[in-house]
Amino acid sequence: MSMRSLFKSIITEFHQGNWPKPIPRNLDLPTLPAHVRKAIIFIGMRRSGKSWTMYQIMQMLLQQGINKTQCLYINFSDERLLNMQAQDFQDILDAYYELYPEYVDYPAGQLHFFFDEIQEIAGWEKFIRRLLDTESAKLYISGSSAKMLSSEIATVLRGRTLVREIFPFDFRVYLRAYATEVEVNHHLTSKKKSVLRHHL
């Protein structure tokens with residue numbers, strides 16, 4: 001199977017599947033005008049929630065009326081991409097636009113490209129720079145902080161990024177996820193304090 005055909009399969013599977021609904025986190029994401037070309041990059045240790053943060057953004061986009069097919073998501077830790085090389089990045093765009101030719105000249109800011117664990121492919125920076133120069137899609141990128149330091153990203157992408165570090169759940173998010181009976185406020189009864197200590 002050619003890389004382009006493989007990407008068509010991956011993209012189709014993604015659009016036909018059910019997207020996860022993660023526990024909402026507080027995301028500090030600026031609203032950028034459509035003509036501002038910056039990639040939003042999520043870095044963090046493994047299993048800190050970078051992929052789930054991307055899914056949270058996708059769910060938010062769906063609630064705003066964006067069609068599923070307007071989101072392109074590729075997870076580069078997919079074992080089917082073990083032999084991928086930098087020159088194969090173009091096949092992602094070719095596969096996507098062959099599946100959805102109506103999006104070739106879509107208005108700026110209406111397409112959303114999510115590239116998860118992109119650091120797995122050497123030379124990814126040049127591909128992202130080219131997308132920022134030639135595509136009108138909004139770009140969301142994730143990578144392990146062990147391989148993607150914010151200072152290095154700023155250098156290779158020449159300041160065309162907004163970097164957000166993702167951490168594992170803090171206690172407040174944990175409570176939101178697993179202890180929905182506890183509402184944290186300034187007036188806690190003794191019983192609620194006991195429940196909080198239990199979860200802590």
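This is a predicted model: local features need pLDDT of at least 70, side-chain atom pairs count only at pLDDT 80 or more; totals for chains, interfaces and linings use all residues.
User: How many bridges join the strand pairs E2 and E3, E3 and E4, and E1 and E4?

Analyst: Take the pairs one by one. E2 and E3 pair in the parallel sense over 5 bridges. Cysteine 71 has histidine 112 in E3 as its bridge partner. Isoleucine 74 has phenylalanine 115 in E3. E3 and E4 are also parallel, over 4 bridges. There, phenylalanine 114 has tyrosine 140 in E4 as its bridge partner. E1 and E4 run parallel, joined by 6 bridges. Isoleucine 43 stands opposite glycine 143 in E4.

User: Are the residues of E3 buried or exposed?

Analyst: The cut-off matters: buried means under 20% relative accessible area. In E3, 5 of its 5 residues are buried, and the strand is mostly covered. Look at the side-chain directions as well. His112, Phe114 and Asp116 point one way from E3, while Phe113 and Phe115 point the other way. E4 has 6 of its 7 residues buried, so E4 is largely enclosed by the rest of the structure. Over the whole chain, buried residues make up 44% of the 200 residues.

User: Which residues have the most contacts inside the largest nonpolar core?

Analyst: Start with the general idea. In soluble globular proteins, nonpolar side chains tend to be buried together. In this model, the largest nonpolar core has 35 residues, and those with the most contacts inside it are Ile74, Phe76, Phe113, Phe115 and Ile128. Two or more residues each come from helix H1 (3–16), strand E1 (39–44), strand E2 (71–75), helix H3 (89–99), E3, H4 and strand E4 (138–144). H3 gives the largest share, 6 residues. Apart from this core lies another, of 16 residues, among them Met54, Ile57, Leu61 and Cys71.

User: What is phenylalanine 113 in contact with, leaving aside its neighbours within four places in sequence?

Analyst: Trace the partners along the sequence. Phenylalanine 113 is in contact with Leu72, Leu93, Tyr96, Tyr97, Leu131, Ala137, Lys138, Leu139 and Tyr140, leaving aside neighbours within four places. For the chain, among contacts between residues at least 6 apart in sequence, 79% join residues at least 24 apart.

User: Is histidine 112 buried or exposed, and what does its side chain join in a polar contact?

Analyst: Check cover first, then polar partners. Histidine 112 is found in strand E3. Histidine 112 counts as buried because its relative accessibility is 2%. A polar contact of 3.4 Å joins its side chain to that of tyrosine 140. With neighbours within four places in sequence left aside, histidine 112 is in contact with Leu61, Ile66, Gln70, Cys71, Leu72, Lys138 and Tyr140.

User: What is the phi of glutamate 117?

Analyst: Most residues other than glycine have a negative phi. Glutamate 117 has a positive phi, near 55°. Glutamate 117 lies in the loop between strand E3 (112–116) and helix H4 (124–134). At 8% relative accessibility, glutamate 117 counts as buried.

User: Where is proline 168, and which residues does it touch?

Analyst: Proline 168 is in the loop between E5 and helix H6 (171–178). Proline 168 and glycine 49 are 119 residues apart in sequence, but 6.4 Å apart in space, C-alpha to C-alpha. Proline 168 touches Arg25, Met45 and Ser48, not counting residues up to four places away in sequence. Its relative accessible area is 40%, so proline 168 is partly exposed.

User: And the surface of the chain: what does it come to?

Analyst: The accessible surface comes to about 11,300 Å², and 51% of it belongs to carbon and sulfur atoms.

Definitions and conventions:
Residues are numbered from 1 along each chain as its sequence is written. Side-chain values use heavy atoms; hydrogens and water are left out. Buried means under 20% relative accessible area, exposed over 50%, partly exposed in between (1.4 Å probe, protein chains only). Contact means heavy atoms within 4.5 Å. Accessible areas come from the Shrake-Rupley method with a 1.4 Å probe; for residues, only the protein chains shown count as cover. A nonpolar core is a set of buried Ala, Val, Leu, Ile, Met, Phe, Trp, Tyr and Cys residues joined through side-chain atoms within 4.5 Å. A polar contact is a pair of N or O atoms within 3.5 Å; within protein, one must be able to donate a hydrogen and the other to accept it, and residues adjacent in sequence count only if both atoms are side-chain atoms. Two strands pair if DSSP finds at least two bridges between them.
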